[in-house]
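Visitor: Could you take me through this structure feature by feature, giving the general idea before the particular case?

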Amino acid sequence: MTAIQAIHIRGWEDRTEPKSHVVFRIEIQASVRSWQMWRRYSEFADLHVELTKSTGSPPPAPLPPKHSFKFLRSATDPALLEERRAGLETYLRAILSARDDVWRESFAFRDFLGVPVGKQDAGGSGAGQFTASSWLDEHQDVQARVRDVRADINRRDALADSNDVSGSHQANVQAKKKLAGVLSRVGALEDGLKTLGMAGMSEGELQRRTDMAARLRDDCEKLAKIVTVARMTSRGIGTAAERNPASASDREALLGPSSSSAMPGGFSRPVARVFGKPAQPAETEQTRPLDDHGLVQLHQTQIDQQDAQLAQLSTILSRQKQLGLAINQEIKEQIEDLETLTSDVDRVGGKLSSAKKQLNRLG
């Protein structure tokens, strides 16, 4: 689904058609666009029932009660409506930020928020339905799922360190399931680029998005290796030799007495430079014919060359920074254009709906 970043309920409105009722204005902010929905309290109640029924458990936050204990107050009392608005906002935000995504991934929740059609569902087909903005939304959401997989792997390792074998196994299974869904969605993103290319997307933008999808696939392949690779001996997983190492006396009898520089297992530590310890000076063909003055001159020449290279690198980085700022400004302008276009589309859609209702009454 669309990578929703924030949900706010900014206010409410009293309407008189078809009969007097109050609707709340929900503002949804995604990665590249935002929109708003108007919902009655009864629609929130229907959503709560549907989420509980479809997932088997109620959402993480309770729905504000329909009737306040202060029953003498009017249903349109501003204080009562403000209290209900805050409660409904907390309810939606709890679903959005819940660790378990079963509620926010449900069709009922997406339909309630009015997630624009054409977004690619996990493991589904229809990559050709992607638009330029919905592809970015889907990419943002897949990135979030990749982070979830990494979190499950970290949780698996933490449970394994605490000798919780069952919990570690469950976390690993969960990571594998999520990774399988992510891989299918990455494939859908790659297929969607073909359609976008045929629809006239510029070659530069198409290449940029192709690189984005390729990086996602690389991340998935690395995570696939992590969730399948054998764990360390201390976590009870690994080869038989790793799980049952030879005793110290057996290693000493086979390899000889170990020294202070021996590595675990009886192997000698390779000779290497110690970090922080200066290396012994060595004569080279370049320095051998030089006296002290010549060595100083050579050293100064090398420093000047390095300074010139650093100045050149600084110029390149400055140019890259200017390009980055220009690209950032262009992206902001494109987002503003997209938001303006979205508002125009919503306005035209409202006019078409009104015209359709009038035609139905005439017919």
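Predicted model: local features only at pLDDT ≥ 70, side-chain atom pairs only at ≥ 80, totals over all residues.

Visitor: Which residue of strand 2 is the bridge partner of Ile 9?

Guide: In a regular strand, side chains alternate between the two faces of the sheet. Here the bridge partner of Ile 9 is Ile 26, which belongs to strand 2.

Visitor: How should I read an aromatic pair, and how many are counted here?

Guide: Two numbers describe a pair of aromatic rings, namely the distance of the centres and the angle of the planes. The count comes to one aromatic pair in this model. That pair is Phe 44 with Phe 112, whose centres are 4.9 Å apart and whose planes stand at 70°, an edge-to-face arrangement. Because Phe 44 lies in helix 1 (residues 41-55) and Phe 112 in helix 3 (residues 107-113), the pair ties together parts that are 68 residues apart in sequence.

Visitor: Are Phe 44 and Phe 112 buried or exposed?

Guide: Both Phe 44 and Phe 112 are buried. The ring of Phe 112 also has the charged end of Arg 39 over it, 5.1 Å from its centre, while Arg 15 lies over the face of Trp 38, at 4.9 Å from the ring centre.

Visitor: What span should helix 5 have, and what do its ends show?

Guide: At 1.5 Å a residue, the 34 residues of helix 5 (residues 165-198) should span 50 Å, which agrees with the 50 Å between its end C-alpha atoms. Just after helix 5, Gly 200 adopts a positive phi of about 110°.

Terms used: Residues numbered from 1 in each chain as written. Heavy atoms only, no water. Helix = DSSP H or I, 4+ residues; strand = E, 2+ residues; numbered from the N terminus. Expected span 1.5 Å × (residues − 1). Pairing = 2+ DSSP bridges. Phe/Tyr/Trp six-rings, centres within 6.5 Å; stacked < 30°, edge-to-face > 60°. Buried < 20%, exposed > 50% of the residue type's maximum accessible area, 1.4 Å probe, protein only. Lys NZ or Arg CZ within 6 Å of the ring centre and 35° of its normal.
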